[in-house]
Amino acid sequence: MSARQRITASAPPAKRATVTLSTLAEKKALGEPLVMVTAYDYPSASVAEEAGVDLVLVGDSGAMTVLGYPSTVPVTTEEMLMLAAAARRGLTTPMLVGDLPFGSYEGSDVEAIKNAQRFVKEAGCDAVKLERGGSSVDRARAIVGAGIPVMGHVGLTPQTATALGGYKAQGKTARAAIHLHEDALALQRAGCFALVFEAVPAEIAATIAERLDIITIGIGAGGATSGQVLVFHDLLGITTGHMAKFVKRYADIHEEMVAAVGRYGEEVRGRGFPGPEHSYAVEPEELAEFRRYLDQESLVSKSDWAWEPLG
Ligand code: KIV
């Protein structure tokens with residue numbers, strides 16, 4: 001081992017600076033792609049932390065990936081807050097964005113601000129995300145006005161997928177792309193610091209992104225946005241079944257987990273686990289004394305059992 005290798009091996013890992021809005025803006029200005037991933041609990045957030053991502057989104061996709069709902073629609077604010085607080089405990093460096101669930105912000109500015117504040121106060125989020133343009137633009141402006149950074153989300157917005165005709169790419173006609181562009185500009189004017197583009201043709205996303213000053217994060221929107229986001233459970237292959245076209249799997253953890261739990265089951269049934277290396281030892285004299293005590297106890301117990309009913 002060379003002297004340089006020895007120094008590198010013994011040096012503690014470099015401490016990364018906390019990601020702030022300025023960090024993100026600087027990276028965008030430098031053309032450095034931003035990395036965002038979802039997380040929903042302490043272990044997934046810890047993985048994101050160690051992997052050095054820039055942003056962690058506690059997405060309402062957690063409704064499906066970790067809570068087992070059929071869509072993102074049913075998840076409640078309470079459930080999302082619990083997931084976000086757990087993710088917070090696994091993070092020190094990335095910016096933490098909490099996804100406002102369906103029904104928690106659309107009704108009024110007051111309701112939107114109140115729920116956004118809960119994500120900051122109770123779960124420790126740095127920012128919140130909401131879906132759609134239209135009336136969500138006013139909600140975004142209100143939350144930003146209350147001092148909370150907001151990330152918008154346009155294109156395929158799963159909370160209102162039914163109204164969009166299902167889970168399919170958006171902005172595929174000139175008319176739809178114009179609408180998307182208007183929503184994006186309105187959300188930027190409302191003060192959003194970033195915008196997610198989901199399932200939008202790459203060239204449409206690129207054309208709109210270059211007309212925006214704020215950060216753009218793509219998922220199924222090509223490579224021209226300032227950054228990318230993927231769902232933790234999708235990219236690791238924890239979820240199974242049909243995957244959207246834009247998902248790339250970097251691992252097949254589900255299969256590995258099933259195989260590992262299967263091996264554990266086999267070893268328990270075959271009495272191969274636990275082995276001596278997984279068991280605690282006791283001093284022989286302590287064990288002998290314990291057994292002597294039990295022998296005497298059992299004599300006493302046996303005599304106890306010999307009692308006869310009165311009369
Ligand atoms: O909930 C989520 O995971 C999201 C991302 C796909 C952007 O909204």
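Trainee: Is Arg132 buried, partly exposed or exposed?
Mentor: Arg132 is partly exposed, because its relative accessible area is 28%. Buried means under 20% relative accessible area, exposed means over 50%, and partly exposed lies in between (1.4 Å probe, protein chains only). As to the source, this is a predicted model, in which local features need pLDDT of at least 70, side-chain atom pairs count only at pLDDT 80 or more, and totals for chains, interfaces and linings use all residues. Residues are numbered from 1 along each chain as its sequence is written, and side-chain values use heavy atoms, with hydrogens and water left out.

Trainee: Where does Arg132 lie, and what is its phi?
Mentor: Arg132 lies in the loop between strand E4 (127-129) and helix H7 (135-145). Its phi is positive, about 80 degrees, although Arg132 is not a glycine. Helices (H or I, at least four residues) and strands (E, at least two) are DSSP runs, numbered from the N terminus.

Trainee: And what about Ala199, buried or exposed?
Mentor: Ala199 is buried, with a relative accessible area of 9%. Ala199 is not a glycine either, yet has a positive phi of about 50 degrees. The loop that holds Ala199 runs between strand E6 (194-198) and helix H9 (202-209).

Trainee: Changing topic: how many salt bridges are there?
Mentor: The count comes to ten salt bridges, where a salt bridge is a side-chain nitrogen of Lys or Arg within 4 Å of a carboxyl oxygen of Asp or Glu. One of them joins Asp54 to Lys27, with the closest N and O atoms 2.7 Å apart. Asp54 lies in the loop between helix H3 (42-51) and strand E2 (55-58) and Lys27 in helix H2 (residues 21-30), so this pair ties together parts that are 27 residues apart in sequence.

Trainee: Which residues are linked in a network with Asp54?
Mentor: Lys27, Glu32 and Asp54 are linked in a network of salt bridges. Asp54 itself counts as buried, at 5% relative accessibility.

Trainee: What does Glu78 pair with?
Mentor: Glu78 forms a salt bridge with Arg118, the closest N and O atoms being 2.8 Å apart. That pair links distant parts of the chain, with Glu78 in helix H5 and Arg118 in helix H6 (residues 109-121), 40 residues apart. Arg118 also meets Glu122 in a salt bridge (2.8 Å, N to O). Glu78 is partly exposed at 49% relative accessibility, and Glu122 is partly exposed at 46%.

Trainee: Last topic: which peptide bond is cis at Phe273?
Mentor: The bond from Phe273 to Pro274 is cis, with omega near 0 degrees. Phe273 is in the loop between helix H11 (253-269) and helix H12 (284-305), and Pro274 is in the loop between H11 and H12. Phe273 counts as partly exposed, at 32% relative accessibility.
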